[in-house]
Amino acid sequence: MIERLSLNSLKFFYFVAIEGSVTVAAERLHITQSAVSRQIKNLEELLNIQLFERKNKSLIITPEGKILFNCCQNVFNQLDSCITSISQQEYKNNNLILSCEPTISMKWLIPRLVKFNELELGFGITLLTGGGPLNFQNKNVDLAIRRDDFVWGNHIHSIKLIDEFMLVVNTNQQNQSNLLLSTSRPKFYHNLINKYPEISKFNVLELDHFYLCIEGCLSGLGQTIVSGFMIEYELEHNFLQVEKHLDFDDSAYYLLSSTPFEEDRRKLIFKDWLISEMYSTQNNLLNRFNLI
C-alpha cells in the first residue's frame with residue numbers, strides 16, 4: 001500500500017488533525033481548502049476508513065484517525081531530525097557572511113571572533129564592513145548588524161540585540177575645550193544638543209567616523225562622545241576615562257536577515273552569542289564606572 005500513499009495527503013491530514021480545521025490547515029500550508037479536502041477524501045478512500053467526523057461545524061478525529069496521526073507524528077519528527085542533521089553537515093566549514101558598521105567591527109567584534117571560533121561550532125564568520133540600508137542579494141550577505149536609525153522594511157527579518165549607550169570620554173592630556181563628534185549618524189548632534197544644551201559651550205570638531213574621534217581623543221585633540229561598545233579596550237587599559245553616561249541616543253542594535261532566522265541554525269547560534277557578549281560588555285562597563 002505504501003507505493004500508493006501520497007506524502008502530501010499524509011501531510012495535509014496531519015495539519016488538519018493539529019488545527020482541527022480544514023480552513024486553518026489550508027492557510028498554514030498556503031494552499032486552497034478544496035485541495036486539502038480532496039487529499040483527505042482520497043486518503044480515506046485508499047485506507048477505507050473515516051478519519052474525521054463533522055460535529056457542529058467542527059472536525060473530530062476518529063479513533064482510526066488518532067492512530068494514523070500518531071504514526072504521522074513519529075514519521076515527520078524523524079524526517080525533521082534527518083533534515084536538520086543534513087543541514088548541519090551542509091553548514092560545516094560554511095561561514096556566515098556578516099555586514100557590520102566599521103567602528104563596531106574594528107573595536108568590538110573582531111577582537112571577539114577568536115573566542116567565537118574557539119567554540120568550534122562548525123562554521124565561522126566572514127566580516128564585511130558597512131552601514132545603513134543593505135541589499136542582501138546584491139552583496140551576498142547572510143546577516144547584518146545595524147542600528148534602527150533607518151527603515152529596513154517588512155521583507156527584512158530582525159531581532160533586537162541591545163540598546164545603544166553613549167559615553168563622554170577623555171584623557172588627562174588633552175584640550176578640554178574641544179569636543180570631537182562623528183558625522184556618521186543622522187541627527188546625532190541635533191539630538192545631543194536638544195538633551196544637553198550645555199554641549200554648545202564646547203568647540204565642536206566634526207570627523208567622519210567614530211574611530212577617528214577615538215584616535216583624536218587618544219592623541220589629545222579633545223574629548224569625545226562615543227558608544228561604549230567602541231572603547232571597551234581603551235577603558236579596560238585606562239587609555240581613556242569616562243566623564244559621563246549620556247542618555248540621548250534612543251537607538252538599538254539589531255541583527256538583520258533576508259530569511260527567517262529559524263531556517264538557519266547558524267543564525268540562531270550567532271544571534272544568541274552576540275546578545276550574550278553585548279550584554280556582558282554593557283553591564284561590565286556600566287557597573288565598573290557606576291553609570292547605572
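Are lysine 107 and glutamate 234 buried or exposed? Lysine 107 is buried, and glutamate 234 is buried as well. Buried means under 20% relative accessible area, exposed means over 50%, and partly exposed lies in between (1.4 Å probe, protein chains only).

## Basis of the model

This is a predicted model, in which local features need pLDDT of at least 70 and side-chain atom pairs count only at pLDDT 80 or more, while totals for chains, interfaces and linings use all residues. Residues are numbered from 1 along each chain as its sequence is written, and side-chain values use heavy atoms, with hydrogens and water left out.

## Salt bridges across the chain

Side chains of opposite charge can pair when their charged atoms come close. A salt bridge here is a side-chain nitrogen of Lys or Arg within 4 Å of a carboxyl oxygen of Asp or Glu. The count by this rule is 13 salt bridges.

One of them joins lysine 107 to glutamate 234, with the closest N and O atoms 2.4 Å apart. This pair links distant parts of the chain: lysine 107 sits in helix α5 (residues 102–118) and glutamate 234 in helix α9 (residues 232–236), 127 residues apart. Helices (H or I, at least four residues) and strands (E, at least two) are DSSP runs, numbered from the N terminus.

Aspartate 249 pairs with arginine 185 in another salt bridge, and their closest N and O atoms are 3.1 Å apart. Aspartate 249 lies in the loop between β11 (241–246) and β12 (252–257), and arginine 185 in the loop between β8 (178–182) and α7 (188–195), so the pair ties together parts that are 64 residues apart in sequence. Both aspartate 249 and arginine 185 are buried.

## A buried pair and a network

Aspartate 264 forms a salt bridge with arginine 266. Their closest N and O atoms are 2.7 Å apart. Aspartate 264 is buried, because its relative accessible area is 8%. Arginine 266 has 7% relative accessibility, so arginine 266 counts as buried too. Elsewhere, salt bridges that share partners join Arg112, Lys115, Glu232 and Glu277 into one network.

## Positive phi in two loops

Most residues other than glycine have a negative phi. Histidine 30 has a positive phi, near 60°, and is not a glycine. Histidine 30 lies in the loop between α2 (22–29) and α3 (33–47). Its relative accessibility is 73%, so histidine 30 counts as exposed.

Lysine 187 is not a glycine either, yet its phi is positive at about 60°. Lysine 187 lies in the loop between β8 and α7. Lysine 187 counts as exposed because its relative accessibility is 63%.
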